[in-house]
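Here are some notes to read alongside the model. Please keep the structure open while going through the points.

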Amino acid sequence: MDLSKYKLELSTKIVIEEALRRNIKVEILDEQGQFIRLRKGDKVEYIKQATKTSIDSYVVPLIMENKEVTKIILREHGINVPGGISVSSEQEAIVKWSNYKGQDIVVKPKSTNFGEGVQILKANHTLEDYKVAIEQALTFDSSVMIEEFVTGKEYRFLVIADEVVAILHRIPANVIGDGVSTIEELIRAKNDDPLRGTGHVTPFEKIQLGAIERENLRMQGKTASDVPEQGQIIYLRENSNVSTGGDSIDFTDDIPTEYKEIAIKAVKAVGAKMCGLDMMIDDINAKPSPDNYSIIELNFNPAIYLHNFPYKGINRQVEKKVLDAIGFSESNC
């Protein structure tokens, strides 16, 4: 099969390549929808976007899509999650602002994926900053969650069939100053890397310079036309999703077993088999405690290519785990 003829997301492409290597027949049923059919003898499986498969029931992604329901379930299982509320209008959010004034908070759509519409506001945020974040989040959903900001570093756990198969530490979209170029020019230069593209067809996504990025610069007292000093790191986003231009470092072998067990417990709590879990950890060398970690999100359609092409680290070949999980184990192929 000549995959160059198709416009496929990288996650779908690496699953297909591994399936072909295992002598599994692959049919691309809907190129735009990234919908494929795998066939080996009498066994047939359908996959959409690399990780939507028959091993997860219909209700599982609905649970994970709803951030509020996810938090309720995780709390019931004794798992730490951020405190917060949900609102359905800007007016309702403004009434609640006094509760969050002077605090670091996260504003995000109640139902979202890939970090879309998520904004982190620092303690010195103004009412206007808060309103802008609410307005942006409401463009993605009719309800918005306002949560306490959890400190620490963010790690993406990929859980497949009750096993943590890969972990990444993600760094928000950023550029490094050279003392000559403007922030906008530095973004353009970093985006020239052939490994960066759009639509999840390359290992990294291009850094955007849209409303959220410009607002984040403004809150740092900067504009896109400023010239950072040599070596100065400028962050364009607060959220660290690779899908919004972030970088990634493999930490699979560095995270202690206790945190991996928490991740597996959380994914089991919502009944999922394939899940991307985002956990904030203050100190990975310390034992898990209410003060040291919190799960901030579960993702029902995790991009698996991130773990094969980390900015720093090794290829975890997670597509093998996907095929094993749906019954096409290498030993049977």
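**Notes on a cavity and a sheet**

1. The model is predicted. Start with the lining of the second largest cavity, which is made up of Lys67, Thr70, Lys71, Leu74, Val81, Lys108, Glu147, Ile295, Ile296, Glu297 and Leu298. This cavity has a volume of about 50 Å³. The structure holds 3 cavities of 30 Å³ or more.

2. Which elements each supply at least two residues of this lining? They are the helix α3 (67–76) and the strand β16 (293–299). By residue type, the lining of the second largest cavity has 5 nonpolar, 1 polar and 5 charged residues.

3. Now turn to the sheet. Four strands form an open sheet in the order β4-β7-β5-β6, and their pairing is antiparallel. At the edges stand β4 (84–87) and β6 (119–121); each has a single partner strand, so one side of each has no neighbour in the sheet. On average, neighbouring strands in this sheet are turned by 20° against each other, ignoring direction.

4. Look next at one pair of strands. Strand β5 (residues 105–109) runs antiparallel to β6, and 3 bridges join the two. Valine 106 has isoleucine 120 in β6 as its bridge partner.

5. What packs on the sheet, touching β5, β6 and β7? Helix α5 (residues 127–138) does, and its direction makes about 25° with that of β5. The strand β7 covers residues 144–148.

6. Lys108 and Glu147 are among the residues lining the second largest cavity.

Definitions and conventions: Residues numbered from 1 in each chain as written. Predicted model: local features only at pLDDT ≥ 70, side-chain atom pairs only at ≥ 80, totals over all residues. Heavy atoms only, no water. 1 Å grid on protein atoms, 1.4 Å probe; cavity = no way out; pocket = protein on both sides within 12 Å on 5 of 7 lines; lining within 4 Å. Points joined across faces, edges and corners; volume = space filled by probe spheres on them. Nonpolar A, V, L, I, M, F, W, Y, C, P; charged D, E, K, R; others polar. Pairing = 2+ DSSP bridges. Axes fitted to C-alpha atoms, helices over the stretch in contact; angles between N-to-C directions. Contact = heavy atoms within 4.5 Å.
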